[in-house]
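Open the model in a viewer and keep the sequence panel in view. The stops below are given in the order to select them.

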Amino acid sequence: MLYLSWCYYRCVPLSEQTLKEIASTLKELLKWSKFAGMQQLKNVLSQTLRTETEMLIYELSDGTRSTREVATATGVGSNATVAAFWKKWRKVGIVEPTTGQRGRYQRICSLEEVGLHIPTLPRPPSGTSPTIVEGEEKQVE
């Protein structure tokens, strides 16, 4: 409380120019922080996602799909497997809970964003081939 009252009497309002300079500096810091962290993130993803199936599960974890949908699309068969990966990956910090759908998780970035390839989805028995297009699963005949 003392701090707030001190600030109320002692703080000088910042000019619009000063605020623009602060915003510009913050944008520059953010740009370089992202750049510096990309290689580290790529390493973490490469070490954590050891199989193509894990990479697919991660890539399809966009916050819109349920564990059952991700399991079906990737061919793992069990939504419990997907849930176990999500729990493990949350501890690592590469997925986060989705705000819109309780119990769903979303990746922090696409594999492509850090320079890793996205494996193709397994071919379903019906003779159609699923692919990932703009974050969605599409059936290609």
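Select arginine 65 to begin: its relative accessibility is 9%, so the residue counts as buried (buried is under 20% relative accessible area, exposed over 50%, partly exposed in between, with a 1.4 Å probe and protein chains only). This is a predicted model, in which local features need pLDDT of at least 70 and side-chain atom pairs count only at pLDDT 80 or more, while totals for chains, interfaces and linings use all residues. Residues are numbered from 1 along each chain as its sequence is written, and side-chain values use heavy atoms, leaving out hydrogens and water.

Aspartate 62 is partly exposed, at 21%. The whole structure has four salt bridges.

Next, select glutamate 59 and arginine 107, another such pair at 3.7 Å, N to O. They link distant parts of the chain, 48 residues apart: glutamate 59 lies in helix α3 and arginine 107 in strand β2 (residues 105-107). Helices (H or I, at least four residues) and strands (E, at least two) are DSSP runs, numbered from the N terminus. Both residues are buried.

Move to lysine 31 and glutamate 28, whose closest N and O atoms are 3.5 Å apart in a salt bridge. The two are three residues apart in helix α2, and therefore separated by about one helical turn. Lysine 31 is partly exposed at 46%, as is glutamate 28 at 39%.

Methods
A salt bridge is a side-chain nitrogen of Lys or Arg within 4 Å of a carboxyl oxygen of Asp or Glu.
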